[in-house]
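Hi everyone, thanks for coming.

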Amino acid sequence: MTERSIAALFWHGVAIAVLTAACTTPRIVAADAFYIGRWKIDSAVVAPWWAEAQKPDNAEMKQLVGKTIVITAKAIQGPRQHACPNPRYVVKDYPADMLFQGGFGEMREKDKSVDPVKVAAKLGFHGSNWKTLETGCGNEIDYHFLDSNRAAFGLNNYIYYLTRQ
């Protein structure tokens with residue numbers, strides 16, 4: 001083999017490696033994006049940090065339950081409270097005191113007898129950490145995943161539950 005044919009084989013191998021990486025990388029990213037899909041808001045409960053005797057206004061809650069949110073790689077579609085044309089997704093593991101923008105942690109700050117893990121468990125969050133999708137959207141809604149098919153978000157003193165469709 002000549003030096004020229006060895007160089008040609010080398011560059012051919014580099015080109016194949018680059019093309020393979022370019023073709024497979026999106027699949028790897030998509031597989032890691034467990035949150036992508038259609039999600040239905042199937043129920044809502046008054047948030048445990050709500051301390052007033054009277055329930056918070058439920059007009060928005062009634063409007064949202066039953067609606068669908070579609071999370072794609074480039075946008076979030078759904079009711080205006082969720083719509084986001086340019087999300088900047090970050091997935092983090094949140095402990096109980098960080099769920100719902102730190103709502104359970106704030107409960108503990110006000111009353112040391114409050115255990116954020118127990119509060120979370122009453123709402124269906126079992127364990128000690130949960131995957132949270134920070135959207136980076138102006139609406140500041142984060143999605144906390146109970147498991148691969150259930151998630152929750154907090155909005156105006158309600159906790160809403162989503163089910164993958």
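Let's start with the term itself: a salt bridge here is a side-chain nitrogen of Lys or Arg within 4 Å of a carboxyl oxygen of Asp or Glu. Please keep in mind that this is a predicted model, where local features need pLDDT of at least 70 and side-chain atom pairs count only at pLDDT 80 or more, while totals for chains, interfaces and linings use all residues. Residues are numbered from 1 along each chain as its sequence is written, and side-chain values use heavy atoms, with hydrogens and water left out.

Let's take Glu134 and Lys92, whose closest N and O atoms are 3.5 Å apart. Glu134 sits in strand 5 (residues 129–134) and Lys92 in strand 4 (residues 90–95), so the pair links parts 42 residues apart in sequence. Strands are DSSP runs of E, at least two residues, numbered from the N terminus.

Is Glu134 buried or exposed? Buried means under 20% relative accessible area, exposed over 50%, and partly exposed in between, using a 1.4 Å probe and protein chains only. Glu134, at 18%, counts as buried, whereas Lys92, at 39%, is partly exposed.

Next come Lys131 and Asp93, with N and O atoms 3.1 Å apart at their closest. Lys131 belongs to strand 5 and Asp93 to strand 4, so this pair ties together parts 38 residues apart in sequence.

Finally, Asp42 and Arg150 meet in a salt bridge at 3.0 Å, N to O. Asp42 is in strand 1 (residues 37–46) and Arg150 in strand 7 (residues 150–155), so the parts joined are 108 residues apart in sequence.

Conventions:
Helices (H or I, at least four residues) and strands (E, at least two) are DSSP runs, numbered from the N terminus.
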